[in-house]
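Let's take a friendly tour of the charged side-chain pairs in this model. Have the structure open as you read.

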Amino acid sequence: MMQLQTMLNSVVVCALFWSASHTHAQHWTTTETANLTVCQKKLDLGFILDNSGSVGQQNFERMKLFVKDLTSFYKLGPEETRVSVMSYSNSANIHIAFSAYFSDKYRFDSAVNRISYTGGGTATATALSKAYYYMFTSYYGARGSEFKKVLVILTDGQSSGQVRWPARQLKNSGVVIFSVGIGQSLSMYELRVMASDPVIQHVITLDNFSQLDRLAEQMSSQTCNASNFHVFCDNDHMTAVFDRADLPKHINIDRLHLRSQYCKAHWNSTHVIVKTPLTGCGTVFSKNDQTLFFRNVLSEEGNSSGLAVITRDYLFEANLTCAYPRKRTVGSFSFAPAKQIVFAVNVGGQGNFSLRMDVFNSINYRQPYASQDYPVFKSLSDYLYIQYSINASKSDLVVRAETCRATPTNRPYDTPQYVFIADGCDKDETIRHYSYGMSSVQRFSMQAFRFLSEHRFVYLHCDLVVCHRYDYNSTCARSTSCSRRYRRDVDQQSEDVSGMYALSFGPVMKGKESADKSAGTHTEASNTTLIGSLIGFGCLSVVLIGALLFMIQRSRRRRSDQTQTGGENKGK
């Protein structure tokens with residue numbers, strides 16, 4: 001029976017892998033329109049064009065023609081591929097945002113034609129930063145992480161600033177970068193630093209600008225089939241998440257490991273995940289004046305031998321990097337996946353206190369998720385068990401969530417948002433509270449399907465306020481259901497002890513726990529149900545066996561009585 005179950009599990013895993021790979025291959029279809037093979041995928045496709053003095057007017061026009069040619073291989077539209085175009089010299093300017101709407105390709109081409117040549121310096125690093133903080137945000141029309149993000153940067157020279165940090169921010173957020181270098185004054189180091197892994201597939205060099213005329217068709221396939229992965233960096237760990245559909249089909253996932261071969265990747269039916277402490281698994285540390293770097297490599301190694309010499313062939317290789325600024329701004333969300341704790345010093349004369357938000361793996365609230373658990377995988381039917389609390393030097397302070405929302409990034413006020421608590425009132429019908437009234441610890445749960453069904457990565461954010469325990473006109477005194485909310489005069493409202501503090505948790509990813517190879521046990525709720533069922537079955541069995549024994553004994557007594565009665569009758 002065990003062997004049959006193992007065979008069935010293997011068939012299911014193989015079927016899931018084939019399905020993901022087959023779906024991935026189906027996205028690239030051949031639609032012949034004016035001899036063009038049109039990509040059927042829906043991308044957020046960005047361009048950064050070098051507008052510096054060394055490029056010149058004529059060559060800048062060739063860059064714009066390349067943009068128009070490459071986008072001819074895509075179906076453009078709000079529900080199809082969206083395009084954004086930026087140019088830079090001394091500064092960077094977004095001329096076309098992802099939110100821009102064009103009724104046809106002619107109008108898009110006209111918008112590209114209106115981008116003027118300026119001349120000036122080569123602030124490539126500034127352009128990359130603007131791409132991260134503006135171009136690829138929802139405010140400028142970029143969509144959620146379920147849409148692949150691709151950035152093509154064209155340059156003819158060396159940047160006046162450091163490109164490594166902004167390029168790493170883009171790549172870690174899931175943007176695939178192609179570096180196109182043109183001419184003889186290139187910095188190959190910068191092109192390689194900017195490009196996604198594997199670098200050999202994402203760095204393109206041209207001898208002159210006239211070769212751009214033939215580049216669009218080549219890059220149409222590369223950009224359409226671009227693969228990416230996400231790297232999450234927190235205070236202690238580095239975690240990389242790969243979509244299995246994006247990985248080469250020949251990869252043996254069981255052979256993937258970091259620099260230390262003892263640090264293996266884990267996988268489920270949809271993703272491959274690898275995580276390492278910043279000081280473990282062969283992670284290499286380096287630094288410069290501004291940044292700390294932690295680097296590792298995920299690879300699949302194949303041994304090949306010949307003439308008694310064994311060499312190592314890397315069948316797959318992905319470079320993983322976490323970069324941390326040495327000078328850090330307090331409250332910055334770029335340092336870790338989420339900010340789960342804040343400290344306040346003598347706010348409003350109420351002494352020191354700290355606020356914390358955690359998410360737990362079960363309703364007993366015993367084990368919170370830690371940094372090494374990122375990303376947390378949840379199926380759509382799973383619940384998230386959330387707790388926020390205040391630890392204060394004075395016992396008369398309590399805490400309350402003013403607003404809670406889910407966003408696809410670690411930016412607490414990013415859009416789109418799913419707001420599940422607003423003005424202290426529950427906005428999602430699956431919310432269940434496990435603490436009530438004015439309390440220093442608040443607990444509630446909510447089903448994950450509300451936001452995980454629409455985004456690959458999700459972060460939870462709550463704005464917390466601190467109140468006096470006995471102030472019944474404060475925010476903390478409101479009913480969470482708000483079914484009997486009453487209007488209060490503004491003059492009668494009490495001021496809360498503090499302003500709002502934003503705390504966050506994440507990322508959370510959609511997954512199937514039953515398909516997770518690394519998951520050897522069920523959840524506690526499942527165990528409880530199973531144990532209860534077994535106990536019930538055992539009790540029922542005891543009762544049935546007892547009843548059966550009683551009936552057998554009773555039957556024997558009847559036979560014995562009948563035998564004795566018959567003997568007495570014969571004696572008479």
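## A pair within a helix

Lys-64 and Glu-61 form a salt bridge, with their closest N and O atoms 3.2 Å apart. The term salt bridge here means a side-chain nitrogen of Lys or Arg within 4 Å of a carboxyl oxygen of Asp or Glu. Side chains of opposite charge can pair when their charged atoms come close.

Lys-64 and Glu-61 are about one helical turn apart, because they sit three residues from each other in helix H2 (residues 57–71). Helices are DSSP runs of H or I with at least four residues, numbered from the N terminus. Lys-64 is buried at 2% relative accessible area, while Glu-61 is partly exposed at 35%. Buried means under 20% relative accessible area, exposed over 50%, and partly exposed in between (1.4 Å probe, protein chains only).

## About the model

This is a predicted model, where local features need pLDDT of at least 70 and side-chain atom pairs count only at pLDDT 80 or more, while totals for chains, interfaces and linings use all residues. Residues are numbered from 1 along each chain as its sequence is written, and side-chain values use heavy atoms, leaving out hydrogens and water.

## Other charged pairs

The structure has seven salt bridges. One of them joins Asp-104 to Arg-107, at 2.7 Å from N to O. Asp-104 is partly exposed at 33% relative accessible area, and Arg-107 is partly exposed at 45%.

Asp-358 pairs with Arg-356, and their closest N and O atoms are 2.7 Å apart. Here Asp-358 is buried at 7%, whereas Arg-356 is partly exposed at 35%.

## A network

Salt bridges also link Asp-44, Arg-143 and Lys-149 in a network.

Technical notes
Helix = DSSP H or I, 4+ residues; strand = E, 2+ residues; numbered from the N terminus.
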